[in-house]
Amino acid sequence: MARLNEYGERLAAWARGLPPVAVDATIAAACALYVIFNAGVADKLAWWVPLAASVNALPLLWRRQYPFAVAAITGLSTTVLASADVLSDVPAAQLVATYTFAALSPPLKRLIAVVATAVGITVSIVIPHDEALNLGMIGIMFAVAYALGTAARARRDRIAMLEERALRLTQEHETAATRERERIAREVHDILAHSMGLVVVQAEAGPIAVRHDPDRAEQMFDTISDTARDALAQLRRVLGVLRATDDGGERAPQPGLDALPGLVQRVGDAGLTATLSEDGAPRPVPADVATTAYRIVQESLTNTVKHAAAGRVDVRLTWADDLLRIEVADDGGGPASGPGRPSSNGGGHGLIGMRERVAAAGGTLDTGPGPGGVGFRVTASLRLY
């Protein structure tokens with residue numbers, strides 16, 4: 001039995017590899033020859049029997065495209081052949097048509113076809129005065145054909161569902177990968193732009209400080225070292241997501257609100273007067289919101305150091321019931337842009353990155369001139385819950 005099942009599976013796999021037209025043509029020819037053969041055996045092979053057998057079986061060539069119409073034509077010709085008593089007890093073509101409409105037709109057409117098939121079977125038994133027992137046997141054959149068609153339809157629907165699910169998962173994975181790449185690009189931009197900006201400012205002022213204020217120069221070089229070391233540590237954390245880890249260890253968290261004092265102090269060491277103040281009662285915030293707040297302040301300070309020609313920058317955190325308001329304002333040249341200077345209408349990759357971060361956190365961002373048109377101000381509101 002196991003070997004027979006193996007042969008059956010091989011035959012089915014071979015048949016699935018054939019063109020559908022060839023399979024349908026073979027089925028149609030077999031059904032027509034079956035009618036002619038049975039008529040010959042029963043000594044009822046009249047001249048019109050081959051023609052009727054062809055009409056009965058030929059529509060099966062189009063059974064996949066028009067299952068309901070093929071079932072109707074095949075059913076009528078089967079009824080005619082049965083009424084003329086030239087059809088055997090196995091209406092092969094109509095069984096194939098029943099399987100096909102069960103597998104391919106919509107529910108309403110299936111219901112109509114089932115009712116019409118039951119009527120046709122009854123007429124085919126009653127008119128030739130066949131034995132009533134044959135009604136049950138033929139009914140069982142049609143029920144099996146219909147059940148096989150229903151199973152094929154269910155299998156096809158399940159395959160389509162699985163393919164759709166696989167496609168959806170692939171698209172979700174691609175979207176997630178794109179978002180992760182964008183996040184990493186923003187993180188790297190913020191880290192490098194801020195750290196290298198401070199390093200450049202300190203390095204350019206270093207030679208002057210060496211000649212006039214050696215103690216100040218030593219402090220500047222220490223700031224360069226600390227800034228570069230911190231940038232490398234942050235880059236390792238950000239780029240760690242691109243490296244597969246086998247040890248299962250947790251990566252260090254991204255910087256949050258507790259890292260803001262050090263950030264502001266490094267800007268102050270670069271020669272600006274930098275302050276950090278808070279209004280309201282601080283409270284715990286989600287890690288992603290804390291990182292977003294840190295990056296907003298970092299990018300704002302970077303723009304101040306690199307583009308504003310400012311002497312002072314103030315960072316203020318305001319705690320409300322469900323919002324954290326962040327304001328970074330300098331007394332520099334304001335939004336009038338030069339090369340690389342972010343403008344008030346949102347130009348520049350830094351401001352674009354900030355807008356994307358704030359939008360992802362469900363907050364709002366406003367940039368533009370400071371009070372009285374002096375300097376540049378960045379204001380962000382982040383939801384805490």
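Author: Contact means heavy atoms within 4.5 Å. This is a predicted model, where local features need pLDDT of at least 70, side-chain atom pairs count only at pLDDT 80 or more, and totals for chains, interfaces and linings use all residues. Residues are numbered from 1 along each chain as its sequence is written, and side-chain values use heavy atoms, without hydrogens and water.

Reader: Which residues is arginine 110 in contact with, leaving aside its neighbours within four places in sequence?

Author: Phe101, Ala102, Ser105, Tyr146 and Arg153. Arginine 110 itself lies in helix H6 (residues 107-126). Helices here are DSSP runs of H or I, at least four residues, and strands are runs of E, at least two, numbered from the N terminus.

Reader: Why does arginine 110 have no salt bridge?

Author: A salt bridge needs a side-chain nitrogen of Lys or Arg within 4 Å of a carboxyl oxygen of Asp or Glu. The nearest side chain of opposite charge, aspartate 157, is 7.4 Å away. That is beyond the cut-off, so no salt bridge is counted. Arginine 110 is also buried, meaning under 20% relative accessible area with a 1.4 Å probe, protein chains only.

Reader: How many residues in the chain are buried, as a percentage?

Author: Buried residues make up 37% of the 385 residues.

Reader: What makes H9 and H10 roughly parallel?

Author: Their axes cross at roughly 5° and come within 11 Å. Axes are lines fitted to C-alpha atoms over the stretch in contact, with angles from 0 to 180 degrees between N-to-C directions. Angles under 35 degrees count as roughly parallel. H9 and H10 are therefore roughly parallel to each other.

Technical notes. Buried means under 20% relative accessible area, exposed over 50%, partly exposed in between (1.4 Å probe, protein chains only). Lys and Arg count as positive and Asp and Glu as negative; His and the chain ends are not counted. Angles under 35 degrees count as roughly parallel, over 145 as roughly antiparallel, 65 to 115 as roughly perpendicular and the rest as oblique.
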